[in-house]
Structure formats: structure tokens, C-alpha cells
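Notes follow in the order I made them.

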Amino acid sequence: MSVAMTQTCPGLYCGRRIINGSLDEECGVCPRGERTNLQKFCERCTEYPELYDWLYLGFMAMLPLVLHWFFIEWYSGKKSSSALLQHITAMLECSVSAVVTLLVMEPVGLLSIRSCRVQMLSDWYTMLYNPSPDYINTLHCTQEAVYPLYTIVLIYYAFCLVMMMLLRPLLVKKIACGLGKSDRFRSIYAALYFFPILTVLQAVGAGLLYYAFPYIILVLSLVTLAVYMSASEIQSFKSLGAKKKRLVVLFSHWLLHAYGIISISRLDKLEQDLPLLVLVPGPALFYIATAKFTEPSRILSEGGSGH
């Protein structure tokens, strides 16, 4: 379908391409790596991602790593040495996958990417905004307006899956001898389930996750920290420092708290935003300070004495 040159291209994402220095007469979809400007011309994306964009990519990159660690811990039983090596391998897999993903994206061979600025939520769902100028025929202009924030995550997940299948089975077979044959590979089987789920989550909810991930990080990190401290019966600083593993879990959650705070504030004003990081230890300190007052056995005993 052609649109006259004197008319502006319809829809939010339809534009005219510049071919060999001349403007195309037809409105249509912009090539990959380009998006329409205010004049409805297809313009090459040459900007670098903002801090918030990198934080979003970091969040999506952390999801498979955290899930790997969770299922490794869940299925490893009491063999802590086996679990530790698997944790390190999972981190290596995700790190290598992240580096390779950056290297294959434009500019190829560099640990940097060029991107289009995210302007609004609809940029993530251009397939929903194909216009019908004559109310009969649809002008298809579906494109990656947030290039490459949408596809780079999917490419990263594919590399993670390949790296896991190359490295983990050999490692698990050698070090997890204490587990049964069906148990030692369960963390790998779990990954074969959660990777498709993460892929669908990115494909369908990427735009929503882009705007909501700082709050998701804060809420989930607070809830999981409270659940862990309750399950481990941590009610004092002494019990907290009794095992190194507890300190590792605590500091990991503190890093997630800080990540969420930085993502929300975006560090637009350093002098105002950096002091907010002082709040990071707050939830853990509050839990320890109030745990003794909410001990179920104490509540039950006081209730019984009251009768």
C-alpha cells in the first residue's frame, strides 16, 4: 500500500526509508536497527543505552542465574562442595553468555551496543499499533522500536542454554557422585523448564517488566530475605553470624536491595540518591530487632498464662 509523499505516514511506527540517499515513496516498516523519527523517516539508532536500560538488562540476565542457584541448592542435598562447584559453573555459564551476546550485537566485536531510546510502553508492542488508513487494509509496521533491548535478552537466554548443556552435565556427572542418578541432573532438568518460561515472559511481558522491575526486585528480595531468616530461625546477630552461608545470603540480598533502589532513583541526582543506599541494611536490622516479639512459642505461652 502506498501513501502519497505529501502525507505523513499513518500510525506510530510506519515510516519512509532512505534508500541510496533518496526517500522511499511508500510508508512501511523500518529495517532492524532503525525507527521512525518525528518526521516519520526511518532513522538509524546510534545512541548508547542509558543506565536504566543497562539495569533492566542486568535484571533479565540475573533471572536465570538466580534460578540456577535456587534449584542447585534445592536438589544438592547436604553435599555443599558439590553445590558450590555447580554455583560457580552456573555463574561462569551466564557470564560467558552475557559477554558473547554483547560481542555478537552491533557493533560486532565490541562490549557495547547501540540502541533506540525507549519513549513509551507501546514501543515494546508495535504489533498492536499497525494502522488501517482506509479502515480496510492494514499497513504492517511491526518492528523492534526498542532495538536491541527486546531481542538481546532472547539471544542471551539461548546462549545460556547452550553453555549449560555443554558444561554442566559433565561437571555434575563427576562431582555429584553422592546423589542418585535421577537426582544429580534435576537442577539441569529444572533449567529446561524455566528457560522456556523466561522466554515467554520476555516475549509477552518485556514492556511491563521494563517499567516494573525495580519494584519487583525490592519486593521479592524483602520477602525472600524474611522467609529465609524465619526458616533459619535467625533471631539475633549471633545466630546470623553462626554460619558463613547465612552471611552470604544476607549480603546477596543487600546487593539486590541496592540494585532496586538504584534502579528506582536512576541516580539522576547523586547527592540525593546515594544516601538512600543507607536504607539497604534496614529490613534485616528491623527483622532481628523485632523477631523476639513475634516468636510463636512466646505468643502461645503468654496467651496460655493469660487464661
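**Cysteines**

I looked up cysteine 160 and found it buried, with a relative accessible area of 2%. The model is predicted. I then checked cysteine 160 for a bonding partner: the closest cysteine sulfur, in cysteine 94, is 4.2 Å away, too far for a bond. A disulfide needs the sulfur atoms within 2.5 Å. Cysteine 94 is buried too, at 5% relative accessible area.

I noted 4 disulfides by this rule. In sequence order of the bonded cysteines, the pairing reads 1-3, 2-8, 4-5, 6-7.

I took cysteine 9 and cysteine 27 next; their sulfur atoms are 1.9 Å apart. The torsion about this S-S bond is about -80 degrees, so I logged the disulfide as left-handed. Cysteine 9 sits in the segment before strand S1 (18-19) and cysteine 27 in the loop between strands S2 (22-23) and S3 (34-36), so the bond ties parts 18 residues apart in sequence.

Cysteine 14 bonds to cysteine 141, with 1.8 Å between the sulfurs. Here the torsion is about 105 degrees, so the disulfide is right-handed. This pair ties together parts that are 127 residues apart in sequence.

**Rings**

I found 17 aromatic pairs. One of them joins phenylalanine 70 and phenylalanine 71 edge-to-face, at 5.1 Å centre to centre and 80 degrees between the planes. Both belong to a cluster linked by ring pairs, which also includes Trp74, Tyr75 and Tyr156. Phenylalanine 70 counts as partly exposed, at 45% relative accessibility. Separately, I saw arginine 266 over the face of tyrosine 52, 3.8 Å from the ring centre.

How values were computed:
Residues numbered from 1 in each chain as written. Predicted model: local features only at pLDDT ≥ 70, side-chain atom pairs only at ≥ 80, totals over all residues. Heavy atoms only, no water. Phe/Tyr/Trp six-rings, centres within 6.5 Å; stacked < 30°, edge-to-face > 60°. Buried < 20%, exposed > 50% of the residue type's maximum accessible area, 1.4 Å probe, protein only. Lys NZ or Arg CZ within 6 Å of the ring centre and 35° of its normal. Helix = DSSP H or I, 4+ residues; strand = E, 2+ residues; numbered from the N terminus.
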